[in-house]
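Please look over the model below. Then read on for a brief report.

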Amino acid sequence: MISIVSDNRLRSTEAIWVVFSRDKLLVPSSADTLFSGFWQQLPFLHHYAPSVVELPPLSPEHELHQPVFLLDLGAEAPSHDDWELASMRSLLAAGSEAQFSVLARAWQYVYFLRTHRFCGQCGTRTELVDWEMAVQCHCCKHRAYPRISPCIIVAVYRDSQLLLAKGVRHKESNMYSTLAGFVESGESLEQAVHREVEEEVGVKVKNLTYFDSQPWPFPHSLMMGYLAEYKSGDIVPQESEIVDAQWFDMDALPVIPPKLSIAGRLIEAAIAQFGPKDK
Ligand SMILES: [Zn+2]
């Protein structure tokens, strides 16, 4: 349930605070990415007291158990010596997966509220539903929930080689990664894997196995990972998406994504299962 935080509760020293300004997060200049006691340290936040919301509790399996308070400053950018604004992507490498997942969930919620201020059906201003993560139109009763966009991500292997590609977005960084793409309406996850691989690199795959999933807040994807065996075809990169794609020996990989991302973990899993066994 989403709730406005009471004045008393705002003084809690254990709550995790997540404060957004535009698409950046307010973080201490010299510390952890998650922190408590924010209220005491940043007196100017008192002006925003009525806008602070408490997010629903994290799942019981999550390693963090504190309440999470969220504040969206919108276009306002506070200036303070001890605090700075950091991008979500820069925080990906700064903390643990558990910490990042708290920030990722908060960001998806902020993004949802910013893009659902008005009813998509009749145009009336929406209101926060206080028993679930949703907004509702009091006029026509249309209710909207945070958008989640399913994406498949797939490590394609052939003997002890992996098919990795450099996307147009990573042109400068020289990073090679697994293939990924959005699931289209009416499509199963497996159909999306076959279609995306063929579209992006021109090859066919077989023997799909599900690996794991990860919410990915850029801005609201749910990545669902697969391992897939090469079936047929030569690599033909899709020019609009892929700068280069190649087969790499698993013991001689290029720069790959960090293990905090599902892409990094998929590559690690493929190597563990299909990599050279003499090591
Ligand atoms: Zn409406």
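## Basis

This is a predicted model: local features need pLDDT of at least 70, side-chain atom pairs count only at pLDDT 80 or more, and totals for chains, interfaces and linings use all residues. Residues are numbered from 1 along each chain as its sequence is written, and side-chain values use heavy atoms, without hydrogens or water.

## Domains

The chain splits into domain 1 (3–115), domain 2 (117–147) and domain 3 (149–274). These bounds come from an automatic or database domain assignment. Between the C-alpha centres of domain 2 and domain 3 lie 36 Å.

## Sheet 7-8-9

Three strands make an open, antiparallel sheet in the order 7-8-9. Pairing takes at least two DSSP bridges between two strands.

Strand 7 and strand 8 (residues 135–136) run antiparallel, joined by two bridges. Glu 127 has Gln 136 in strand 8 as its bridge partner.

## Helix 5

Helix 5 (residues 189–201) has 13 residues. From first C-alpha to last it reaches 18 Å, close to the 18 Å expected at 1.5 Å a residue. The expected span is 1.5 Å times one less than the number of residues. Just after helix 5, Gly 202 has a positive phi of about 75°.

Buried residues (under 20% relative accessible area, 1.4 Å probe, protein chains only) of helix 5 include Ala 192, Val 193, Glu 196 and Val 197. The helix's buried residues pack against several strands, among them strand 10 (149–158), strand 13 (204–216) and strand 14 (221–232). Contact means heavy atoms within 4.5 Å.

How values were computed: Helix = DSSP H or I, 4+ residues; strand = E, 2+ residues; numbered from the N terminus. Buried < 20%, exposed > 50% of the residue type's maximum accessible area, 1.4 Å probe, protein only.
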